[in-house]
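Colleague: Before I set up any calculations on this complex, could we go through its architecture together, one question at a time?

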Amino acid sequence: MIWVWIALAPILGGLVYGGERVLRARMQRRLGPPFLQPFYDMFKLLDKRTLIVHAPHALLAVAHFFALWFTVAAIFLGWNLLYIVFLHLIAQMLLILAGYSVRSAYSHLGANRELLMLVAYEPILILVAVGLYLVSGSFEITGMIQKGNYLAQLPLLFAALLMIVPIKVKKSPFDVGEAHQEIVGGVEIEYSGVFYEFLYMSRFLEYLFIYSFVFIFGGESVWLGAVLVAGVFLLVNLVDNATARVRTPQMIKIIYMAAMPLAVLNLVWILR
Amino acid sequence: MLLTLILLPIATAFLILYSSTRIQYLLSAAVLGVGSFLSVSLFMSTERVSFHLPFLLNAMIIAADLVLLIYFLVQGKKFNSPKVIVLAAAQLLLYIYAEYAAPSGRSAEIVVDELSRFMFLIINIVGGIIVLYSVRYMEDESVEPYKKRHFIAAMLLFLSVMNAIVCANSLLLFFFLFEMTTLASYQLIAFRNDEISRANALRALWMNQIGGVVILAGTLVAALVLDTVMLDTLLQHSGGMLLFSVALLSMAALVKGASIPFDGWLLGAMVAPTPVSAMLHSATMVKIAPYLILKLAPVLGTTLLGGVLSITGALVFVAAAYLALSRSIFKEILGYSTVALLGLMMALAAIGTKESMMLSMVLMLFHALSKALLFLAAGVLEKQYHLKSIEEMSALVHRAPKTVGFIVLGFVSLTLPPFGLFMGKLFAITSVASLLRERPLLLIVLVSMIIGSTLLVLLYFKVSSALLSNPSDTVRTEKERIPQGFSIPLVLLSLLILFAAAGFIVIQHDVLLALFTLPLLFVFALPSMIRSMEHYDRTAIYHCGEKESFDAALVYYEPSVRIKGMIYWGFGILFVAVAFVGVLS
Amino acid sequence: MKFFIPFRKKSPWILHYNAGSCNGCDIEILAALGPKFDLERFGVINTGNPKQSDIFLVTGPVTYRSRERLVERYSQIPEPKVVIAVGSCTTTGGVFRGMYNVEDGIDRYIPVDVYVPGCASTPQLIIDAIVKALDILEAKSKEIEKPFKLFGAIETIGNKLSRLNMAKKVELHEKN
């Protein structure tokens with residue numbers, strides 16, 4: 001049964017992304033695209049003539065997509081959260097290598113920014129995993145969702161996680177990786193047709209990845225998890241519509257001055 | 001067997017002095033083969049070997065040590081370096097006093113335990129490969145032939161010194177061999193005999209002499225208060241002055257491992273020929289630092305001293321990774337990352353639990369393999385393409401795909417799964433997290449470890465950004481040819497890395513870990529897929545329609561002078577604090 | 001595949017290029033994308049990247065310096081694609097027709113499918129044009145339309161069609 005969910009993970013992600021575009025449009029008081037728009041985009045992209053810069057560049061994007069799908073499958077199967085964070089690291093490194101493998105200035109700039117985003121959010125993700133382990137006693141997700149009470153003991157850690165959700169889903173104020181007005185799309189710039197389709201679907205999977213972290217904070221009650229995810233979804237889109245993009249050094253400063261101390265403080269408080 | 005390991009390289013060194021290049025290859029290959037075989041078979045056996053040195057040998061060692069210290073004094077005078085003179089004089093006085101105060105009736109001077117056997121593996125296999133490489137490297141170097149032979153002989157002598165130092169039990173013998181490694185470092189850094197080499201060699205000399213002074217101070221404390229100069233009896237004591245003596249010894253480890261603020265000597269040592277950088281300053285000599293802390297770890301355990309050492313090591317990990325982001329010379333970047341990883345190894349060793357000690361050893365092995373690979377590839381770049389700075393290395397994958405492949409393999413094996421160093425860091429995070437409840441101070445170690453490993457990822461992939469940018473695959477280039485003398489060691493090291501990584505995963509008996517390899521299997525299927533994409537259209541890079549191509553520059557992150565000052569002073573204070581904590585315990 | 005063809009109409013991504021225009025038509029295009037006229041309800045996204053777009057919206061009479069960039073961008077859009085010439089400058093040269101510094105419209109260089117009059121055009125006309133272009137897009141095939149007037153055949157390297165160096169060919173061709 002779980003394998004069906006895993007196989008349909010990109011489609012689930014697509015529905016989430018489509019809903020998000022409608023939500024953002026309604027927040028801006030306009031109609032917005034149809035709900036199934038991501039799937040229309042997918043099929044249109046599959047219908048283009050294939051155009052590549054060189055083969056390893058295109059193949060690394062495909063590798064990135066499959067590595068990310070594997071990570072999401074690992075989350076659904078409930079494996080060790082720390083391993084999952086590092087599987088995700090492999091997926092990101094494949095994308096970054098793809099960005100560096102062409103001699104395009106925008107692609108390199110985008111990959112540089114992706115690396116800096118990695119420096120910003122990776123420590124917090126690992127600290128979240130360690131924090132959940134300290135409260136629940138196990139690194140496995142199946143063990144974590146059997147205990148309740150995460151929000152009461154780890155509120156500051158949850159706040160730190162909230163601060164890095166915009167980085168992962170590429171929304172303001174931290175969407176430096178895909179700054180359309182600055183670097184014309186960053187790493188995605190040299191992709192077209194089928195290969196852009198793979199990157200497009202990886203965006204959906206990123207949504208699933210980061211919102212699973214939020215869901216785990218609900219503990220044993222599925223309803224609490226769902227409410228948390230919906231709340232964070234709304235909050236992230238509200239903040240996206242309301243703020244501007246920060247510069248990359250500012251993003252790292254904000255994360256290290258605000259999110260990191262919150263996370264460490266919470267861990268110290270637990271260990272007392 | 002043990003004697004063979006020590007004596008064989010010395011004998012070969014003498015033979016090398018009189019042989020032609022062909023025979024040099026054969027001899028170094030023989031050392032590699034015999035050394036590896038012996039160390040593997042020693043590793044398989046489990047008996048603990050120990051024996052005393054005959055009195056004559058002891059006397060000869062004392063005499064040699066005195067000659068060595070006087071030589072340092074003379075070198076200091078010759079090159080007008082007051083620091084060297086003062087430190088050499090201090091060492092002479094302390095040494096004579098220590099020899100005088102040492103109690104007689106000692107236990108065995110040479111002890112081979114599991115740690116020594118493990119270190120034999122690293123030293124002989126990796127060291128042997130580097131010696132083989134240096135024969136070919138010296139062919140391209142522009143000095144007189146006798147100097148080249150002296151170089152290779154010096155490397156082999158160094159191998160035997162390393163073999164001896166990891167089984168030395170007497171602190172005085174350890175000090176002698178420690179100073180021998182300092183001598184080797186000094187002479188080999190000054191090999192090219194120009195002004196910069198000489199200045200950097202002197203700097204390495206006086207910084208390492210500080211380590212020597214501190215070892216002698218620790219020996220004196222042990223001899224006067226605890227009435228022993230043997231490590232195994234020392235570690236069986238408990239209480240008061242033991243920790244002071246151990247603190248002084250671990251300060252020596254910090255100096256040898258080039259922790260901040262002593263990183264200057266390691267960075268300056270990069271002007272030496274590349275095999276020196278590979279052997280001395282990444283794969284073998286600086287491994288004495290975590291080795292020493294591992295030896296002292298049973299005592300460090302849960303004490304405050306152990307905590308302070310762990311925190312120092314972990315902070316060095318972060319700080320060195322951060323400082324490396326501002327360098328542009330390839331070997332300096334590798335040097336800084338060596339400093340960082342050594343700090344991590346020392347931090348894990350000082351935690352003191354069995355698991356963390358094993359992880360520290362695992363990290364030592366994998367780091368030695370990967371760093372040797374990276375330095376040897378850097379040597380190929382230096383000799384074949386005359387490239388030292390990463391600014392000149394853009395689009396290198398076009399001209400030298402195989403070398404870039406080795407470099408990227410080295411970087412990936414240092415940071416990503418399923419390779420051993422990453423697995424070590426993963427298990428380290430898990431084990432430190434499980435210890436957090438009892439020892440909350442380890443939180444600093446955990447956070448530093450996490451931030452540091454992300455910074456290392458940033459560092460390595462920033463460097464590989466220059467190497468990998470390939471304009472298009474429609475332009476044909478001429479095939480790259482690496483000479484066999486260079487490529488055989490590189491291939492050997494790569495195979496060893498892969499084999500060791502696979503072995504490490506298999507030993508864990510954890511299916512989930514094996515699944516880490518799956519995303520990377522894709523990489524191996526890459527060439528066939530590339531062939532199937534031959535017929536797709538090719539198009540140009542998008543740069544708003546411009547005709548010319550533009551490159552993005554490499555980004556450096558230079559800390560301001562104030563922050564650098566804060567870092568160095570802070571670590572200096574930590575270094576001295578280690579001694580104070582030792583006294584207070 | 002036949003199955004995918006109807007979806008070309010559902011998600012047209014545009015690339016907007018200013019080939020020397022006075023910005024009047026550009027402002028109207030951006031107004032069309034704004035909340036009041038809301039082109040996004042048709043699924044339109046303004047990508048800045050030719051490799052990911054289907055519709056090439058060009059404004060401005062082509063100035064001397066922008067011809068090469070025009071052609072380079074056009075060649076980087078994968079088929080099937082449509083070109084919409086927005087504004088009277090782009091179609092015929094407008095008020096600048098016959099001047100020394102403009103090339104009197106883009107159809108000297110690339111094949112145009114929809115011409116939009118107006119100086120400046122209005123968002124309503126632009127939306128009409130896009131809707132018409134979508135019908136044309138559905139009928140197109142994936143073959144490369146040889147940019148008809150200016151170039152010879154597109155070169156092949158090995159067995160690959162190569163669209164590298166399109167911009168450099170403009171000057172070469174005009175010299176002959």
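Colleague: In what order do the five strands of the open sheet in chain C lie?

Modeller: This is a predicted model, in which local features need pLDDT of at least 70, side-chain atom pairs count only at pLDDT 80 or more, and totals for chains, interfaces and linings use all residues. Residues are numbered from 1 along each chain as its sequence is written, while chains are lettered from A and ligands numbered from 1 in the order in which they are written. Strands are DSSP runs E of at least two residues and helices are runs H or I of at least four, numbered from the N terminus, and two strands pair if DSSP finds at least two bridges between them. With parallel pairing, the order in chain C is E2-E1-E3-E4-E5.

Colleague: Which strands of chain C stand at the edges of that sheet?

Modeller: E2(C) is joined by two bridges to strand E1 (residues 13-18) of chain C, and in this pair C:Trp13 has C:Ile45 as its bridge partner. An edge strand has a single partner strand, so one side of it is left without a neighbour in the sheet, and this applies to strand E2 (45-46) and strand E5 (114-116) of chain C.

Colleague: At about what angle does helix H2 of chain C run to E3(C)?

Modeller: Axes are lines fitted to C-alpha atoms, for helices over the stretch in contact, and angles run from 0 to 180 degrees between N-to-C directions. Helix H2 (residues 24-33) lies across E1, E2, strand E3 (55-59) and strand E4 (82-86) of chain C, and its angle to E3(C) is about 140 degrees.

Colleague: Which element gives the largest share of the side of chain A that touches chain B?

Modeller: Counting two residues as in contact if their C-beta atoms, placed from the backbone, lie within 7 Å, the contact takes 50 residues from chain A and 49 residues from chain B. Among the elements of chain A that give two or more residues to this side are helix H4 (55-77), helix H6 (105-136) and helix H13 (248-271). The largest share, 15 residues, comes from H6(A).

Colleague: Which residue of E3(B) is the bridge partner of A:Leu51?

Modeller: Two bridges join E1(A) to strand E3 (residues 537-538) of chain B, and these strands run parallel. The bridge partner of A:Leu51 there is B:Asp537.

Colleague: Why does B:Ala350 count as buried?

Modeller: B:Ala350 is found in helix H15 (residues 330-351) of chain B, and its contacts, not counting residues up to four places away in sequence, include B:Ile293, B:Leu300 and B:Gly313. A residue is buried if 20 or more other C-beta atoms lie within 10 Å of its own, exposed if 12 or fewer, and partly exposed in between, with C-beta atoms placed from the backbone. B:Ala350 counts as buried because its C-beta neighbours inside 10 Å number 31.

Colleague: What share of the residues of chain B count as buried?

Modeller: The secondary structure of chain B comes to 25 helices and three strands, and its C-alpha trace spans about 80 × 60 × 50 Å along its principal axes. Of its 585 residues, the share that count as buried is 55%.
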